[in-house]
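Please read the following as a short walk through one structure, taken step by step. The sequence and the coordinates come before the explanation.

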Amino acid sequence: MPVVKQVTYYSFEELSEQAQQRVIDKVREWDDLFLSDEECIIEGFKERHPHIRDMDISYSGFCSQGDGASFTGWIAGDWAINNLLIEQVNKAFGSLLRDLNCTFDRGDSRYCHENTVSTHLEDVTWADHIEENDRLRDSMLEQYYDDITNVIEQYRLDLCHTLYSELEQGYEHCHSDENLKELVLANDYLFDIDGNFYPYDAIKIIKL
């Protein structure tokens, strides 16, 4: 014979502190919790660095020794000359250096931290009087190849560290008790007295 049971459900604010913490800990384990924040951080990073063309970002985080962030692509030559090389290598590059082809390429690794990508200076275009003299062109390239590569490589590393820091800060904020509490309140979830969601099979997250 059917038995009818009456169950009382509660809003988050009606729960005990212990039950509220149980809810927060459960939400923290949701797999897709950071997904939309991650996308915003990555897209924002790309928009702030349009001189890195065809940027493809990879990262892992945030608790293992091999975690980190990196990207592949190539740097716009005119930007690199005007914003990095003139100041850090040779002020005369403004008139001597016309363009360069420099790429960021990923090696064979199961990790994706900054050291899994390297900087490759593939070609340099000098001023006409240098390009017309093979010996002078080779001499200039030999003299400055390492300096140009090292400056751009350091810039790439700095960007990787900045990106990972932004992702890590975003992750920590997303999973903080305060943020998770706001998320639960915004969705008007109901719970039993122990902090179990109701209905159990219809939990849908709506980001703030």
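Arg-48 has a relative accessible area of 45%, so this residue counts as partly exposed. The model is a predicted one, and the values below are computed from it.

Arg-48 has a partner in Glu-166: the two form a salt bridge in which the closest N and O atoms are 2.6 Å apart. Glu-166 belongs to helix α6 (residues 134–174) and Arg-48 to helix α2 (residues 35–48), so their contact ties together parts that lie 118 residues apart in sequence. Glu-166 is also partly exposed, at 24% relative accessibility.

Asp-123 forms a salt bridge with Arg-137, with 3.2 Å between the closest N and O atoms. Asp-123 sits in strand β4 (residues 117–126) and Arg-137 in helix α6; the pair, 14 residues apart, links distant parts of the chain. How exposed are these two partners? Asp-123 is partly exposed, with a relative accessible area of 38%. Arg-137, with a relative accessible area of 17%, is buried, because the cut-off for buried is under 20%.

In the whole structure, a search finds 6 salt bridges. One of them joins the side chains of Asp-177 and Arg-28, at 2.1 Å from N to O. Asp-177 lies in helix α7 (residues 177–187), while Arg-28 lies in helix α1 (residues 17–28), so this pair ties together parts that are 149 residues apart in sequence. Both residues are partly exposed: Asp-177 has 35% relative accessibility, and Arg-28 has a relative accessible area of 26%. Which residues form a network of salt bridges with Arg-28? Asp-25 and Asp-177 are linked with Arg-28 in that network.

The strands are the next topic. Strand β2 (residues 68–75) has 7 of its 8 residues buried, so the rest of the structure largely encloses this strand. Strand β2 pairs with two other strands, β1 and β3. Strand β1 (residues 52–60) runs antiparallel to β2, and 7 bridges join them. Within this pairing, Tyr-59 has Ala-69 of β2 as its bridge partner. Strand β3 (residues 97–106) also pairs with β2 in the antiparallel sense, here over 3 bridges. Ile-75 stands opposite Cys-102 of β3. In a regular strand, side chains alternate between the two faces of the sheet.

Note on methods: Residues are numbered from 1 along each chain as its sequence is written. This is a predicted model: local features need pLDDT of at least 70, side-chain atom pairs count only at pLDDT 80 or more; totals for chains, interfaces and linings use all residues. Side-chain values use heavy atoms; hydrogens and water are left out. Buried means under 20% relative accessible area, exposed over 50%, partly exposed in between (1.4 Å probe, protein chains only). Helices (H or I, at least four residues) and strands (E, at least two) are DSSP runs, numbered from the N terminus. Two strands pair if DSSP finds at least two bridges between them. A salt bridge is a side-chain nitrogen of Lys or Arg within 4 Å of a carboxyl oxygen of Asp or Glu.
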